[in-house]
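This report is written for a reader who is meeting the structure for the first time.

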Amino acid sequence: MMEEKLHKEPKKKVKDQAPIIEIKDLHKTFGHDNTILKGVNLILNKDENLVVLGRSGSGKSVTIKCIVGLIEPDKGEIKVFDENVLNISKSELNAIRVRIGFLFQSGALYDSMSVRENLAFTLSKHKRDLTEDEIEKEVMEALENVGLAEAVDKMPSELSGGMRKRIGLARTLILKPEIILYDEPTTGLDTITSREISELILDIKNKQKTSSIIITHDMACAKMTADRIIVLKDGVIHAEGTYEELEKDEDEWVRSFFQ
Ligand SMILES: Nc1ncnc2c1ncn2[C@@H]1O[C@H](COP(=O)(O)OP(=O)(O)OP(=O)(O)O)[C@@H](O)[C@H]1O
């Protein structure tokens, strides 16, 4: 009897893995008094899709731009892969940046280059020692990952908005990032195409084991992709939870996002 009980005892909990991104007390003011971030604390766990909600201008993009050094915060700590990115050299920061993919709203393709050339250009810029055959293989693999292998010879002008987004995503994926930062990935797309992009974001996480921060106003995208959601308000994280938790949040302002 005793032996059986011992057998059923749960295993000792292994120490939790360090977060892949950890932001502490992040502050940012533009100009004299345009204070946007007033102490943001944020954690992205490994293999997690974290959705960031917040009104326009609440500082969602500023926060993720701080992560990759595109904006310098006034105060705070940002750890990526356990490295304090605000205190490292440019070359160390670049080594970390290579492991992070961005899909920014402004991430346009080069119009004068075919899809193949757009992807090959990105790849050869970052990995200079690849042969042409290796580049072609990587280009086709990235396109297959977004379901657009047949578009390899097309020019950007021949692509629909949804296809451009997918190619943009393929260009991000070709560098095999461990973290992907998505800034409004479905903006400007119709409902069905938005859903396809959201499905792709989920698919990428499951297949490539990436961890992502997804800024969106598209609640269908949030519902489909989020493991966890945080809501930014007045320069701090105002609420946090799963989609199902936050849509029933006691704060009416938080619930209003879900209506
Ligand atoms: N480079 C910059 N220089 C000066 N001010 C800036 C800069 N970037 C952002 N801001 C200020 O920070 C505010 C928040 O910008 P941010 O792009 O983070 O908003 P957001 O929450 O992502 O909004 P949206 O949902 O509309 O994209 C802007 O309204 C602007 O006042």
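In this predicted model, strand β4, which covers residues 75-80, pairs with β5 in the antiparallel sense, and the pairing runs over two bridges. Within this pairing, Val 80 of the chain stands opposite Glu 83 in β5. Both strands belong to an open sheet of four strands, whose order is β2-β1-β4-β5 and whose pairing is antiparallel. At the edges of this sheet lie β2 and β5 (83-84), each of which pairs on one side only. As a general point, the strands of a sheet pair through backbone hydrogen bonds, either parallel or antiparallel.

The protein chain as a whole has ten helices and ten strands. Its radius of gyration is 20 Å, close to the 18 Å that the globule rule gives for 259 residues, and the chain is therefore as compact as a globular protein of that length. Of the contacts in the protein chain with a separation of 6 or more, 65% are between residues 24 or more positions apart, while buried residues make up 33% of the 259 residues. The C-alpha trace spans about 65 × 60 × 45 Å along its principal axes.

Which residues surround the ligand? The shell around the ligand consists of Phe 30, Asn 34, Ile 36, Gly 54, Ser 56, Gly 57, Ser 58, Gly 59, Lys 60, Ser 61 and Val 62. Two or more residues of this shell come from each of the elements β2 (34-44) and α2 (60-67), and α2 gives the most, with three residues. The composition of the shell is set out below.

| Class of residue in the shell | Number of residues |
|---|---|
| nonpolar | three residues |
| polar | seven residues |

Helix α2 is largely enclosed by the rest of the structure, because seven of its eight residues are buried. These buried residues are Lys 60, Ser 61, Val 62, Thr 63, Ile 64, Cys 66 and Ile 67. Just after α2, Gly 69 takes a positive phi of about 80°.

A further helix, α4 (residues 115-126), has twelve residues and reaches 17 Å from its first C-alpha to its last, which is close to the 16 Å expected at 1.5 Å a residue. In α4, the residues Val 115, Asn 118, Leu 119 and Ala 120 are buried, and what covers the buried residues of this helix includes α5 (132-145) and α6 (161-173).

Technical notes
Residues numbered from 1 in each chain as written. Predicted model: local features only at pLDDT ≥ 70, side-chain atom pairs only at ≥ 80, totals over all residues. Near = placed C-beta within 6 Å. Nonpolar A, V, L, I, M, F, W, Y, C, P; charged D, E, K, R; others polar. Buried ≥ 20, exposed ≤ 12 C-beta atoms within 10 Å, placed from the backbone. Expected span 1.5 Å × (residues − 1). Contact = placed C-beta atoms within 7 Å. Rg over C-alpha atoms; globule rule 2.2 N^0.38 Å. Pairing = 2+ DSSP bridges.
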